[in-house]
Structures are given as C-alpha cells and as structure tokens.
Amino acid sequence: MNLGPWEILIIAVVIVLLFGARKMPAMARSLGQSMRILKAETKGMRADDEDDKADKPAAATAQPAAALPAAKAEQTPEQLRAELDELQRKLNQQQAQKNAG
C-alpha cells in the first residue's frame, strides 16, 4: 500500500483533530519513552541469551550422561513393559516414602 503525500497529510489532520494539538507533544514523548524501554529490554534479552549460550555447553555435557541409564540391547515389548512397570513401582515407593517422612 503506497501512501502519497496527500494521504499522509489527511491522516495527520485527522489525528490532530481527534487528539487535539495540545496532546500531541505528550503523546510523542510517551511514544519515545516506550521505544527506549523496548530497546533496552531487547538488549537485555539478547545479553541474557548470550550468557545462557556461554554457560550451557559446560552444563549440558556433564548431566545427560550421568542422568540417563545406559542403553540396553534390543528388548521385546513385554520386557520393556515389565521394566517400565518396575520403574513406576520404584517411583511410587519413593514418593510414598517422601510423603510419609
């Protein structure tokens, strides 16, 4: 959509008529403050992302290897179901102990 100079002039006149000439400087000031705040927050988010990227590789390599059990040879669905049931039973026992103690 291309706006020519006449369309822009008409839009400006309508805005002045709607809001009044007295309120226009305050609105412009408020818009400027909002833009500065948005810019500062964006910079802060980018800095946080860069910090996270710098910290993640060290933490990411240490935990997954220790947290996950070693992969087993191929198992049948029944064996997988039995192992899953056993793990669920252990988890339920630990939760019951935690709630009791």
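This is a predicted model: local features need pLDDT of at least 70, side-chain atom pairs count only at pLDDT 80 or more; totals for chains, interfaces and linings use all residues.
Helix α1 covers residues 5-19. At 1.5 Å a residue, the 15 residues of α1 should span 21 Å. The expected span is 1.5 Å times one less than the number of residues. G20 follows α1. The phi angle of G20 is positive, near 90°.

A nonpolar patch lies on the surface. Its members are L3, I8, I10, I11, V14, I15, L18, F19 and M27. Together they have about 810 Å² of accessible area. Helix α1 gives the most to this patch, with 7 residues. V14, one of the patch members, lies in α1. The relative accessible area of V14 is 40%, so V14 is classed as partly exposed. That class runs between the buried limit, under 20%, and the exposed limit, over 50%.

Helix α2 spans residues 24-67 and includes M24. M24 touches I15 and F19, with residues up to four places away in sequence not counted. Both I15 and F19 are listed in the nonpolar patch. M24 has a relative accessibility of 25% and therefore counts as partly exposed.

The structure holds 2 salt bridges. One joins the side chains of D85 and R81, with an N to O distance of 4.0 Å. The cut-off for a salt bridge is within 4 Å. D85 and R81 belong to helix α3, which covers residues 77-100. They are 4 residues apart in this helix, so about one helical turn separates them. D85 is partly exposed, because its relative accessibility is 42%.

The side chains of R89 and E86 also meet in a salt bridge. Here the N to O distance is 2.3 Å. R89 and E86 both lie in α3. They are 3 residues apart, about one turn of the helix. R89 has a relative accessible area of 37% and so counts as partly exposed. E86 is likewise partly exposed, with a relative accessible area of 32%.

Methods:
Residues are numbered from 1 along each chain as its sequence is written. Side-chain values use heavy atoms; hydrogens and water are left out. Helices (H or I, at least four residues) and strands (E, at least two) are DSSP runs, numbered from the N terminus. Buried means under 20% relative accessible area, exposed over 50%, partly exposed in between (1.4 Å probe, protein chains only). Patches are made of residues with over 30% relative accessible area and no salt bridge: like charges are joined within 9 Å, nonpolar side chains (Val, Leu, Ile, Met, Phe, Trp, Tyr) within 5 Å. Accessible areas come from the Shrake-Rupley method with a 1.4 Å probe; for residues, only the protein chains shown count as cover. Contact means heavy atoms within 4.5 Å.
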